[in-house]
Amino acid sequence: MPVESGSSAAARQAKQKRKSHSLSIRRTNSTEQDRSGLQRDMVEGQDSKLPLSLRSNLLDLFSQIEREFENLYIENLELRREIETLNDRLTAEGQTFEGADLAKGALKTKASHSTSQLSQKLKTTYKASTSKIVSSFKATTSRAVCQLVREYVGHRDGIWDLSITRTQPMVLGTASADHSAMLWSIETGKCLLKYMGHQGSVNSIKFHPTEQMALTASGDQTAHIWRYMVQLPTPQPVADISQTPCEDDVDFSDKDEADGEVEGPNDCPSIRVATTTLRSHQGVVIAADWLVGGKQVVTASWDRAANLYDVETSELVHSLTGHDQELTHCCTHPTQRLVVTSSRDTTFRLWDFRDPSIHSVNVFQGHTDTVTSAVFTVGDNVVSGSDDRTVKVWDLKNMRSPIATIRTDSAVNRISVSVNQKIIALPHDNRQVRLFDMSGVRLARLPRSNRQGHRRMVCCSSWCEENSTCNLFTCGFDRQAIGWNINIPVLLQEK
């Protein structure tokens with residue numbers, strides 16, 4: 001009896017101590033308490049070398065974990081029922097979705113909800129082309145085909161930006177956090193040239209419109225202009241990769257592959273000295289681009305300013321100030337002297353240099369978070385992407401409100417627009433790359449699994465209209481660039 005009394009006192013003290021440190025989990029009913037008591041009695045009756053107080057504490061913690069999983073399971077069932085209810089309502093409205101097989105597993109038990117008429121707000125929400133639910137159910141008779149053609153591996157750190165040359169020979173350029181920029185053969189994936197003139201992360205790369213010159217922006221507060229000469233190797237046959245429909249509905253495994261050290265190309269020639277160095281920024285130069293004609297360049301920096309330089313003299317022509325926070329991107333119009341800059345202050349600005357005597361600027365506040373990029377299209381449109389998970393299409397003739405808004409489930413990085421097909425490629429923080437048309441209709445999502453696609457954040461996308469093998473390129477912080485062949489059926493583009 002004294003021994004039992006001592007054990008009971010020790011258990012009671014341990015229980016009081018646990019009570020002050022345990023998770024505050026609400027007990028739903030007395031049945032759970034009785035069950036916990038029975039389980040505790042079972043454990044106490046088992047032979048174990050662990051002290052009784054420790055075993056009791058472990059049992060209590062495991063019981064709390066079990067209740068948490070039960071709550072999650074119940075919430076999951078409720079969400080499934082809500083999805084089934086929404087599907088029933090949409091069916092009642094006359095919409096049918098091929099491939100939306102929701103009558104599987106737990107969804108076979110349909111909720112008995114009335115099919116009363118939806119309000120106008122619900123109609124607008126669920127019939128909208130950018131609705132997440134509708135787009136996830138949507139199936140087309142002719143789906144977009146996205147084929148991974150080639151991977152470009154050789155950088156030792158994440159790749160921030162990529163670009164395609166505008167003249168022959170056609171090569172791919174990448175800018176990396178490993179302080180280097182590389183030029184690649186599009187057809188073979190071989191590194192042709194490596195630029196190592198920067199002392200910091202290379203954040204941007206753009207090619208001259210007519211000459212073999214590259215413009216790179218860096219974290220060393222400078223922008224470099226350097227000339228290159230490359231000889232394309234003999235094309236190799238493309239590996240037989242089966243065509244894969246762009247994934248809209250299937251979620252692949254998010255398992256990351258091991259991050260082994262990637263060995264850089266050993267036989268790749270290098271350049272270490274720039275032809276022209278542009279200095280005047282007091283912070284990281286995050287982006288740079290050529291103005292039409294290639295005689296001037298514009299740079300965007302974290303010092304909240306964008307600078308316009310003369311290429312021949314390296315002199316600062318204009319300092320474009322006005323943003324309240326760091327700049328994130330800059331882009332020039334392909335045919336006019338227009339510049340658009342984006343910033344962390346949630347705005348982007350349009351700078352007009354068409355009249356030499358007047359340099360006008362317009363400020364646009366269309367986003368609620370950092371504007372990560374804003375780019376021109378061949379027509380009179382500007383497309384802006386933001387960390388607020390939206391992409392907006394604007395008309396240069398009337399920029400009061402966007403003509404289309406694309407809502408996504410992840411922050412959007414540096415976007416690009418196809419010149420011929422007018423398709424917007426959206427790289428996301430969640431490793432996805434989605435394709436939309438200019439009216440905001442979702443066309444496709446690039447395949448992503450632990451076998452193909454990006455394994456880290458996708459930083460940038462770039463279209464190449466002249467290459468028949470790879471017409472879309474993406475890069476990410478998994479240290480690789482990927483070339484894709486995108487085939488969008490005409491019927492899909494017209495929808």
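1. Strands here are DSSP E runs of at least two residues, numbered from the N terminus. Keep in mind that this is a predicted model, with local features needing pLDDT of at least 70, side-chain atom pairs counting only at pLDDT 80 or more, and totals for chains, interfaces and linings using all residues. Residues are numbered from 1 along each chain as its sequence is written, and side-chain values use heavy atoms, leaving out hydrogens and water.

2. β7 runs antiparallel to β8 (residues 222-227), with five bridges joining them; two strands pair if DSSP finds at least two bridges between them. L215 has I225 as its bridge partner in β8.

3. On the other pairing, β6 (residues 202-207) and β7 are antiparallel over five bridges, and a hairpin of five residues links them. V202 sits opposite S218 in β7.

4. How enclosed is β7, and why? Six of the six residues of β7 (213-218) are buried, so the strand is largely enclosed by the rest of the structure. Buried means under 20% relative accessible area with a 1.4 Å probe, protein chains only. M213, L215 and A217 cover one side, and A214, T216 and S218 the other, all of them buried.

5. Residues lining the largest pocket divide into 19 nonpolar (Ala, Val, Leu, Ile, Met, Phe, Trp, Tyr, Cys, Pro), seven charged (Asp, Glu, Lys, Arg) and eleven polar (the others, Gly among them).

Definitions and conventions:
Buried means under 20% relative accessible area, exposed over 50%, partly exposed in between (1.4 Å probe, protein chains only). Helices (H or I, at least four residues) and strands (E, at least two) are DSSP runs, numbered from the N terminus.
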